[in-house]
Amino acid sequence: MKILVPVKRVIDYNVKPRVKPDGTGVDLSNVKMSMNPFDEIAVEEAIRLKEKGAATEIVAVSIGPAKAQETLRTALAMGADRAILIQTDDEVEPLAVAKLLKAVADEEQPGLVILGKQAIDDDSNQTGQMLAALMGRPQGTFASKVDVSGDSVSVTREVDGGLETVSLKTPAIITTDLRLNEPRYASLPNIMKAKSKPLTQKTPADYGVDTTPRLKTLKVAEPPKRQAGSKIADVDELITKLKNLGVVA
Amino acid sequence: MKTLVLADHDNKVLKDATLSVVTAAAKLGEVHVLVAGNNCELVADHAAKIAGVGLVLLAEDAAYEHELAENVAPLIVNLMSDRDAFLAPSTSTGKNVAPRVAALLDVMQISDILSVEGPDTFTRPIYAGNAIATVQSSDAKKVITVRGTAFEKAAREGGNAQVEKIGTTGDAGLSSFVSAELSKSERPELTSAKVIVSGGRALQNGENFHALIEPLADKLKAAVGASRAAVDAGYVPNDYQVGQTGKIVAPEVYIAIGISGAIQHLAGMKDSKTIIAINKDEDAPIFQVADIGLVGDLFKIVPELTEKLPG
C-alpha cells in the first residue's frame, strides 16, 4: 500500500507572529519557517506503518513556493521515498489544496492519505475532510491511534469528551492529532541521502485546478491586548480578589 | 437568508455549544436547526424551545447515531439546496463534518468565526490567535464553524419552533463506529464552565495533579483544565487540554497553576475575563497576560488556598 503525506511549510511554531502595520497580513520576511508540526506527525506515522510492513511506499507532497522544497527534503530525510512539489507563489486555500491533492491521489492511488489536523498558520482544520469528501472516501480525523488490517483501518480519534474509535474502509483519509506519535529527527546521513531522492516539480495548472481564492482577506489585525495585571503578595490577598470577583462567597 | 445549524448532541442532551451557533446564525437570517441522530426526539424538542429558532429538522437513522461525517454530510448537502448558510459549532463534531459539507458544495469554509460583520464578512483568529483576520466570502453558500465562546448563548427557553421529521440518506457504507471511551467527570464541562482551574507540568505527576488541583476546583465549583505538557506527561487525559490544539475556553475566571504560558496554551484561554496565575518563575510569560499574579511555590500556595477557601 502506498501512503500519500501532504506537508506544509509554515512559520516555526516557536516564533511569535507579528502583524504588519498596514493590516495586510502577518510579516513572514526573515522569519524561521518549518514543517507544520502536525505534518511531522503524519510523516512519522507513515514511516512507522512502512516499518511495520503495512506500507510499501511513502510519497510526500507540498503545495507552495519553491522554498517548500526544503520541507519536502525534511520529509525525505525522515524516511519518505519520493516527493512532489506543486509550485505556486499564490496563497492556496484548503479547498484548492484538497482539489490538487485529489488530482495527485487519482494518479498515485494511495491506500491512505495522512495529513495533519490543521496548519498552525491559518488554523483552518479543513483540508483532510475536504479531500475525503472530494474523493468520496471515509475520514479519520484527529487521530491518536492508527491500526491497518486488511482493507480497513481502525482510527482512534480525540473527541471533546474523550476518545472514539471508528473503522474505515481503505482508501481512507486520516488527519493526525498531537498524541499520535513523537516524530523522529532526521539524522545527518539521512539528510545527505535525502538530497538524492526523487523530487518532481509540478504546477497547479498541470492538474487543471483553479486556485483562485474564494475568501478575500480584508484586514489582519492584532488581537485586543490584555491590560497589564498586578502581582499580589499572598494567598489571603488572592482570596480577597476571588471574593471581589464573586467566585467565592 | 435561511441558515441551517447543526445541533451538537449525544442523542439525549443538546450541548451548550449549539446555543452560541444559534446566536451567530440569527445574525444572518432565519434559523433552522438540524438534529441528526438516533432516538433523539428529546433533543429535537429541546432545540425547538431555543429562543430564535424558526424550524427544527429531525433526521433519525441508526447511521447518524455517532454523527459519522460520511453519513451526515450528504444529508446536510441535500438540505442546503434551499438554504444559504450552514453553521456548526467548533466542537470535534462540527470540525469533522463541516469541511466535508463545504467541499461537497464546492465552497470554502470559514473556520472558527469570532464575529459576523456582514452577510458575507466574518472575523476569525489565525496564527494561534496572534492575529485576527477579517474575511469576505465570494461563495454563494456559506459554510461556517463558530467559536462558542465568542457568541452569547441563545436562551434555552422561549422558542416554540415546529419539529419536522425529514427523510434520511442512510449509511454511506464507508465507515463504522467501533467504541467510545469517554472521560467521566462530575465537574462542569470545560468549554462552558464559569471558573476553570488549570494545571501544568510543574505539578510533576498525576498524583499531585489530583491531590492539589481537583480539591481546589471542587471548592470553586470549577472545571479542571491542563496544559499540553501535563497531558503529554500523562497527568490527565487529553480532553482536559486547553490550547490551540485542545479546547478554546473563555470563562469568567481562569486560574493557571504551574503553567508557563506558551503561545499555544494562551491561544486557548486568553479571552478569559480574569486570568489568575500562580507560578514560581516571575518571568514566566503567563504573567504578561495574567490580571492577578502570585509568584511562589504551588505546592505551598495551592493547599493553603484550598484550606482557607470557605465552603
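In the predicted model, the 28 positive and 39 negative charges of chain B have mean positions that lie 3 Å apart. The accessible surface of this chain amounts to about 11,600 Å², and carbon and sulfur atoms account for 47% of that area.

With regard to overall architecture, chain B contains eight helices and 16 strands. Its radius of gyration is 21 Å, which is close to the 19 Å given by the globule rule for 311 residues, so chain B is as compact as a globular protein of that length. Taken along the principal axes, the box filled by the C-alpha atoms of chain B has dimensions of roughly 60 × 40 × 40 Å. Of the 311 residues in chain B, 60% are buried, and, where contacts between residues at least 6 apart in sequence are considered, 66% of them join residues that are at least 24 apart.

Helix α1 of chain B, which spans residues 17-26, illustrates how such burial is arranged within one element: the helix is mostly covered, with seven of its 10 residues buried. The buried positions of α1(B) comprise B:Thr18, B:Leu19, B:Ser20, B:Val21 and B:Val22, together with B:Ala24 and B:Ala25. The cover over these buried residues of α1(B) includes several strands of chain B, namely β1 (2-6), β2 (30-37), β3 (53-60), β4 (85-89), β6 (115-118) and β9 (142-146).

Terms used: Residues are numbered from 1 along each chain as its sequence is written. Chains are lettered from A and ligands numbered from 1 in the order in which they are written. This is a predicted model: local features need pLDDT of at least 70, side-chain atom pairs count only at pLDDT 80 or more; totals for chains, interfaces and linings use all residues. Side-chain values use heavy atoms; hydrogens and water are left out. Helices (H or I, at least four residues) and strands (E, at least two) are DSSP runs, numbered from the N terminus. The radius of gyration is taken over C-alpha atoms; the globule rule is 2.2 Å times the number of residues to the power 0.38. Buried means under 20% relative accessible area, exposed over 50%, partly exposed in between (1.4 Å probe, protein chains only). Contact means heavy atoms within 4.5 Å. Accessible areas come from the Shrake-Rupley method with a 1.4 Å probe; for residues, only the protein chains shown count as cover. Lys and Arg count as positive and Asp and Glu as negative; His and the chain ends are not counted. The place of a charge is taken as NZ of Lys, CZ of Arg, CG of Asp or CD of Glu.
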